[in-house]
Structure formats: structure tokens, C-alpha cells
Amino acid sequence: MIEVRKLRKQYGSKNVIDNVSINIPKGKITSFIGPNGAGKSTVLSMISRLITKDDGDVLVDGAELSRWKSNELAKKIAILKQSNHINIRLTIRELVSFGRFPYSHGRLSREDWKYVDEAINYMELKDIQHKYLDQLSGGQKQRAYIAMVIAQDTEYILLDEPLNNLDMKHSVQIMKVLRKLVDELDKTVVIVIHDINFASCYSDYIVALKGGKVIKEGTTEEIISKQVLKEVYDMDIQIETINENKIGIYFAG
């Protein structure tokens, strides 16, 4: 489990994260939802130690984040940020191999390449694995980055808006893959997501943030309600049942 206790981050005189406490359950998909500026990506970055926290504690499997050695933390938590800028020309296979760096330090063994191959196959990229990243569609590129994260073979996978700029088809594809990672490989996935419909369909647990604070956290059924969503987004919400597995969520204005 990842436990966040009274987390705080300040830029200048502004508290962008204010006394945030969250419990992230193991073996589940946890979604961070909320309006722009809610602090979702900042919390995710502090959990992974990409940015420093000003106060509070983050416990990963009972050990405070500051006690983890960087290389050991990289074997426990993988994070994929929203924007990834790579200035060298890489193939999908070369990119995915970067996920093995915490283990191989650049000298990949036969076992490392096995993890690379498994990740490529899992993301259905085998037929195009030798294509360069600049030859890929947005959906293919995002799958390649997620394959790199899978190859890292961590228990916790943190993704910052992985559906950004993807069309409906590729968004569904990515969310189905994340669901499989949890259900088949027993991973713990934490995702920052703006689409509440996707959050409601694929998440087990949801954390709703606003203004740098947690408004409410709980199971999907507890959070996807008119009352909670109106408090988070300051808008009336219409929720309609489509079938036993899906609901439709609409902002009514």
C-alpha cells in the first residue's frame, strides 16, 4: 500500500497541495480526478519522488519515501509523465529496453530482454517494434511508453494523464490494458485522469481533489454521485445508467 499523510507543497506563498492524506490500495486501479489546478499531477509526482514534498509523509509498503534508495525505489514504483521529450531517434524496442535500467544499468542481460519482449507482446507492439517513435501514431507511441513502464516490472505504476490527446478508440485500448495489468499481473495502478466516464468504468478506487485538497476518496460507487461530483466541479452532473456495467456522466451546466 502507498500511504500519503498530511502532504504539503508550496510555491511562493501559495499552498498548491494542502494537508493531503490518501490511502492507495494494492492491486487496484486508483484514479485521481478533479478540475485543472486541483493538484493531481503534483501529488503523483511527490509520491514518486520526482518533486520534493515540503511537509508530510509518503509510505511505500510501510517505509517512508526518504528511506528508499533511488535504485530500489525504481524497482518498486514506475511513473510515466504526461509529456515525454526524447531528443534521440529510438525504435520502440530501444525505448522499452530503458525500463530495465534499474536492473541492468545499461548492460541488458538475457533476462532483461525477456522482460522487454514480454512488455512489447503485452502491448501488442511486436509487429512494429523496430519502427522509430517519430513514425508512430499518438496511440502507438503511448502504448510504447506504457510498454517501457511494464518492462520496469514494478509493483506500482503511476500514470499522469495517459489518455491525453488520444481518440476514443485508443483511450479505450489503454484503459483495457491498465485493467489487465491489475487483474492479470496484480499490479497497482494510479492514474491522473480527466474523463470521468473512463474513471467510472475502469477504476476500483477514486480520489477527488480540488484546490490542492482531497474532497473525498472511496470506491467508484461512493465517488461517482451527483453530490460528490458537483462539489468537485462546481457544476450540476447528470448520471444515467446505460447498462449493468456502464453509466453515462454529463455536465448539465
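**A walk through the model**

Mentor: Start with two strands: β9 and strand β10 (residues 213-219) run antiparallel and are joined by 6 bridges.

Trainee: Before I go on, what's the pLDDT like?

Mentor: This is a predicted model, and the protein chain has an average pLDDT of 91, with 93% of the residues at 70 or above.

Trainee: And where is confidence lowest and highest?

Mentor: The lowest is in strand β12 (residues 247-251), with a mean of 61, and the highest is in strand β3 (residues 29-33), at 98.

Trainee: Okay, what is the order of the strands in the open sheet of 4?

Mentor: The order is β2-β1-β4-β5, and the pairing is antiparallel. β2 (14-24) and β5 (63-64) are the edge strands, each with a single partner, so one side of each has no neighbour in the sheet.

Trainee: How many bridges join β1 to β4?

Mentor: Strand β1 (residues 2-11) and strand β4 (residues 55-60) are joined by 5 bridges and run antiparallel. Ile2 is opposite Val60 of β4.

Trainee: Which helix lies across β1, β2 and β4?

Mentor: That is helix α1 (residues 40-47), running at about 115 degrees to β1. With 6 of its 8 residues buried, α1 is largely enclosed by the rest of the structure. The buried residues are Lys40, Val43, Leu44, Ser45, Met46 and Ile47.

Trainee: What follows α1?

Mentor: Arg49 follows α1, and its phi is positive, near 70 degrees.

Trainee: New topic. How do α6 and α7 cross?

Mentor: The axes of helix α6 (residues 138-151) and helix α7 (residues 168-185) come within 10 Å and cross at roughly 15 degrees. The two helices are therefore roughly parallel to each other, and their crossing is right-handed.

Trainee: Which residues meet there, between α6 and α7?

Mentor: On the α6 side they are Gly139, Gln142, Arg143, Ile146 and Ile150, and they meet His170, Gln173, Ile174 and Leu181 of α7.

Trainee: Where is Arg100?

Mentor: Arg100 is in the loop between α3 (92-97) and α4 (101-104).

Trainee: Buried or exposed?

Mentor: Arg100 is buried, because its relative accessible area is 3% and the cut-off for buried is under 20%. Setting aside residues up to four places away in sequence, Arg100 touches His105, Leu108, Asp112, Tyr115, Val116, Ala151, Gln152 and Asp153.

Trainee: One last residue. What about Ile120, buried or exposed?

Mentor: Ile120 belongs to helix α5 (residues 110-122). It is buried, with a relative accessible area of 1%.

Trainee: Which residues is Ile120 in contact with?

Mentor: Apart from neighbours within four places in sequence, Ile120 contacts Arg93, Val96, Leu125, Lys126 and Gln129. The C-alpha atoms of Ile120 and Ala147 are separated by 5.9 Å, although these residues are 27 residues apart along the chain.

Methods: Residues numbered from 1 in each chain as written. Predicted model: local features only at pLDDT ≥ 70, side-chain atom pairs only at ≥ 80, totals over all residues. Heavy atoms only, no water. Pairing = 2+ DSSP bridges. Contact = heavy atoms within 4.5 Å. Axes fitted to C-alpha atoms, helices over the stretch in contact; angles between N-to-C directions. pLDDT = per-residue confidence, 0-100. Buried < 20%, exposed > 50% of the residue type's maximum accessible area, 1.4 Å probe, protein only. Parallel < 35°, antiparallel > 145°, perpendicular 65-115°, else oblique. Left-handed = near helix turned anticlockwise from the far one by under 90°.
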